[in-house]
Structures are given as structure tokens and as C-alpha cells.
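Reader: Hi! Could you walk me through this one?
Author: Happy to, here it is.

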Amino acid sequence: MKARRTTSGLPRAGGEAAQRRSNPLGAATGRRSRVRAWPAANSRMRTAARQRAQMEDLRQGIRYRRIFVALLGVIVAVSAVVVLLGTVGLVAETRSRPLTAAEQNQYKDEEIARRWQAWPATGVFPEEVKYVGLDRAQQYARRVGIAPETDCGKGVDASVAGVLQSHGCVTMLRATYTDQTAAFVMTVGVAVLEDEESRVSATDELTKDDRVGVLPVAFPGTVTERFGPQQRQRTGWVGAGPYIVFSTAGYADGRTRAAVPPEEILHSELWPAAKSVGNQIAYFLADPPKVPPCTQGNVC
């Protein structure tokens, strides 16, 4: 009996071994082979975008670097210009040149104002001071002693102290002299003001009363030991630069003002001698110094 055929004309699968399918790569297999997966299109796009971003970052960094270098160059250039200008200005400022009239006056004022400190006490109060005696004879007053520096309020009478302190008096210097015959005793006091303007303001307010002024300084064991406030016959003052130079005088024998008739004082050599000594010391302190012609001495 003949075998039956399917309507398709192909043998059944359950008969002889079925024809094995050929592998496209040439190897026979009984199952479907795996196909290698290739990167997706969007993956390639991400890679390209990342590369573009990296390139953009690199270009941006290069731009920032160029800007930084340019700014640094500007800073260095400006700094160099500033240093150069400063050097030129310093050279111009320190270069010796003639003093202006204002600078000359300032030099004089500063030199006079520091003399009370720069000079020794014996420079402010010389050992001998010239004065004019009777018949205009040249005579010399001799220094007996120099008192310690004191507060302005303690070296003068109270009414004078108030004026000095209100105008910024710095200190009070005092020394006592005798005339050439040792018959008169004289105390000279130097009130140091801050500047000449303060001194002028203070002297405008000082009283003209010749009974008040600087307090006498007596030195025990000398002809001045009996010279006290009651022994003052007259007092006075003179302005010089930032200084007010006071003077007062009395008799070495200790006579009080009340004990001496006014007419005797008028005709006595006592007050002219004391006034002359005070004026001489004021002149020493305020004598204008020699001003150098240039900022660095005598060579411009």
C-alpha cells in the first residue's frame, strides 16, 4: 500500500530526520543564532553631544584664560605706572630746592617754638645778662639760680594763672638774678604757650596791674633768700614769639612794697634793670634764626 502524502506535497515531520536548517554563517544548528546588537542611534547622538560640550568647555576655558592673562597684564602695567609716578614724585619732593616765603616763616616759627626744650636751662637763662644802668652805663646782672620747671598756675598769681591756663599755657620756667651791685633781686619767668597766636590772645587779656605777675623764687643762703611776694616792688611782662616773659624785682634787704614810697621806686634803678633783663631774655628766645636757602641746606 502506498504511503499517503500530505496535501502540501512535503514529508511529515514525524518521519525521517528533518532537513536541518543552515546557519547563515555556515555552521549548522538546531536553533536560531543570536544577532550582535549595534549601538542605538540615540547613543551615538549622546556621544557626539558630549564631545561637543567638552569642546565648548575647552574653548570657554581658553577664553577665560585669555581674559585672565589680559587683566593680569593690565594690572601689572597700571602698577608699573603707579610705581613710576611715585618714584618721580618722591624724587621731585626730596630734591633740594629753594624754600618758599611760607616755608621760611614756618622754619623760623618752629625753630623759635622749640628753643625752650632744645636749649639747656642755662641757654634760656644765661649766667650773665647785660642791662643799662645809671648814666647809660653797661652793666651785668648775674644769675643766682634756676628754679625747677613748674605748672603755669603755680608760677604766677592766681589772676594771671587763669588767663594763661585758658590759652593753653604749657609750662613755666623761672630764674632769679641780682644786679651788678647785688642791691636788687629779680625773678624772670618764661610762660610757654602753644604758639604765637595763643600768646597774643593771652597777652590781650593780661592785666596791667604791676602788683601781680610772676612769683619770686628765693634761693636760701644767697642774697635772694628774703625775696618773696610781699617784697615785689613792681612786675611786668613782654611777649616774644610763643613766650610771655615776666619779670619782677625787689630789694635784697627784704623791704616790702608797702615800706617803700612810690616816688622812690619811680626814681630807682631797680625797675629799669629788671625790665631790661626780662627784655634781653625775651630777645634771646625770639631772635629769628638764620634760615637755610634750600630744603636740604645751602645747596639747591
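Author: Let's start with a pair: the side chains of Glu-127 and Arg-142 form a salt bridge, with N and O 3.3 Å apart. A salt bridge here is a side-chain nitrogen of Lys or Arg within 4 Å of a carboxyl oxygen of Asp or Glu. This is a predicted model: local features need pLDDT of at least 70, side-chain atom pairs count only at pLDDT 80 or more, and totals for chains, interfaces and linings use all residues. Residues are numbered from 1 along each chain as its sequence is written, and side-chain values use heavy atoms, leaving out hydrogens and water.

Reader: What is the relative accessible area of Glu-127?
Author: Glu-127 has 47% and is partly exposed, and Arg-142 is partly exposed too, at 42%. Buried means under 20% relative accessible area, exposed over 50%, and partly exposed in between (1.4 Å probe, protein chains only).

Reader: How many salt bridges does the structure hold?
Author: The structure holds 12. Among them, Asp-253 pairs with Arg-255, with the closest N and O atoms 2.9 Å apart.

Reader: Which residue meets Arg-255 at 3.3 Å, N to O?
Author: That is Glu-264, which is partly exposed at 32%.
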